[in-house]
Amino acid sequence: KLFYSIGYAIFGTANAGIATYTLFQMTTMALIFSYLIHTVYRQGAKTGWCIGLLAYLVYCVMDRRLDKSIAAAQGEEEEGFKLSDIKFVVTNKGFWLIALLCLMFYAGVFPFLKFAAQLMIYKYGVDPVMAGDIPAILPFGTILLTPLFGSLYDRIGKGATLMVVGAMMLVAVHVLFALPILNEWWFALIVMVLLGIAFSLVPSAMWPSVPKIIPQKQLGTAYA
């Protein structure tokens with residue numbers, strides 16, 4: 001309640017209070033699990049399991065407190081889960097289009113990353129020691145670009161257009177990697193940057209699009 005009150009006092013909204021408490025909760029859990037991993041590494045699994053159990057119990061307590069804070073902020077009891085929620089979600093055509101895009105998009109990225117280092121070595125002549133550095137641009141670039149594209153989506157909307165553009169960029173990236181041209185490391189670097197842009201652009205528009213077609217009380221079912 002303390003951190004909820006602090007967030008509410010600073011920003012003046014219940015959502016900001018919940019966000020402040022959530023930030024505190026996630027930061028605390030990150031520190032606990034970091035300590036857990038460090039302890040497991042140094043002292044072995046037996047001690048690690050004890051700390052892991054303790055961390056889980058702490059998380060459960062904090063999670064229940066968060067639920068109570070949300071319920072107090074909303075002022076009304078949330079409607080429980082019903083089997084009809086599943087029917088509503090699976091009969092929504094828009095949901096299946098987004099789910100199909102999610103499946104096809106990530107299937108075009110993660111399997112590629114598994115073999116990207118070998119591609120850098122055998123096609124672009126990158127030193128094996130440095131071959132993993134070019135594909136590593138993708139996750140680090142995503143950390144920086146996804147918030148920027150999310151902000152762009154908040155300002156202009158047009159989620160469907162952004163998703164189509166990102167998907168077409170992904171296709172173009174794979175075509176460029178497949179063509180027997182410009183087998184140079186700098187060309188691979190440029191194409192990987194384009195892949196990073198596509199990998200940030202599509203999720204930043206795809207995930208926020210779900211609440212536009214699914215009511216709030218079915219959002220948990222849809223995301224699951």
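**Helix packing around α9**

Visitor: Start with α5. Which residues in α5 meet α9?

Guide: This is a predicted model. From α5, the residues that meet α9 are Gly94, Phe95, Ile98, Leu101, Cys102, Phe105 and Tyr106. On the α9 side they meet Ala198, Phe199, Val202, Pro203, Met206, Trp207, Ser209, Val210 and Ile213.

Visitor: How many nonpolar, polar and charged residues has the contact of α5 with α9?

Guide: By class, there are 14 nonpolar and 2 polar residues in that contact, and no charged ones.

Visitor: At what angle do the axes of α5 and α9 cross?

Guide: Roughly 160°, and the axes come within 10 Å. Here α5 covers residues 93-107 and α9 covers residues 185-213. Angles over 145 degrees count as roughly antiparallel, so that is how α5 and α9 run relative to each other.

Visitor: Left-handed or right-handed crossing for α5 and α9?

Guide: The crossing of α5 past α9 is left-handed.

Visitor: Next, α7. What is the angle between α7 and α9?

Guide: Helix α7, residues 137-156, packs against α9 at about 45°, with the axes 8 Å apart. The two helices are therefore oblique to each other. Their crossing is right-handed.

Visitor: Which residues of α7 and α9 make the contact?

Guide: From α7, the list includes Ile137, Leu138, Leu145, Phe149 and Tyr153. From α9, it includes Leu189, Leu195, Ile197, Ser204, Pro208 and Lys212. By class, the contact of α7 with α9 has 12 nonpolar, 8 polar and 1 charged residues.

Visitor: And α6, how far apart are the axes of α6 and α9?

Guide: They are 13 Å apart, and the angle is about 170°. That makes α6, too, roughly antiparallel to α9. In α6 (residues 110-122), Phe110, Phe112 and Met120 meet Ala188, Met192, Leu195 and Phe199 of α9. The contact has 7 nonpolar residues, with no polar and no charged ones.

Visitor: Changing topic. How much space lies in the second largest pocket?

Guide: About 180 Å³. There are 10 lining residues, and the closest to the pocket centre are Phe95, Ala99, Trp207, Ala222 and Tyr223.

Visitor: How many charged residues has the lining of the second largest pocket?

Guide: None; the lining has 9 nonpolar residues and 1 polar residue. Phe95 and Trp207, both among the closest to the pocket centre, also take part in the contact of α5 with α9.

Methods: Residues are numbered from 1 along each chain as its sequence is written. This is a predicted model: local features need pLDDT of at least 70, side-chain atom pairs count only at pLDDT 80 or more; totals for chains, interfaces and linings use all residues. Side-chain values use heavy atoms; hydrogens and water are left out. Axes are lines fitted to C-alpha atoms, for helices over the stretch in contact, and angles run from 0 to 180 degrees between N-to-C directions. Helices (H or I, at least four residues) and strands (E, at least two) are DSSP runs, numbered from the N terminus. Angles under 35 degrees count as roughly parallel, over 145 as roughly antiparallel, 65 to 115 as roughly perpendicular and the rest as oblique. A crossing is left-handed if the near helix is turned anticlockwise from the far one by less than a right angle, and right-handed if clockwise. Contact means heavy atoms within 4.5 Å. Ala, Val, Leu, Ile, Met, Phe, Trp, Tyr, Cys and Pro count as nonpolar, Asp, Glu, Lys and Arg as charged, and the others, Gly among them, as polar. On a 1 Å grid over the protein atoms alone, a cavity is a set of points where a 1.4 Å probe fits but cannot get out, and a pocket is an open set with protein on both sides within 12 Å along at least five of seven lines; lining residues have an atom within 4 Å of a point. Grid points are joined across faces, edges and corners, and a volume is the space filled by probe spheres set on the points.
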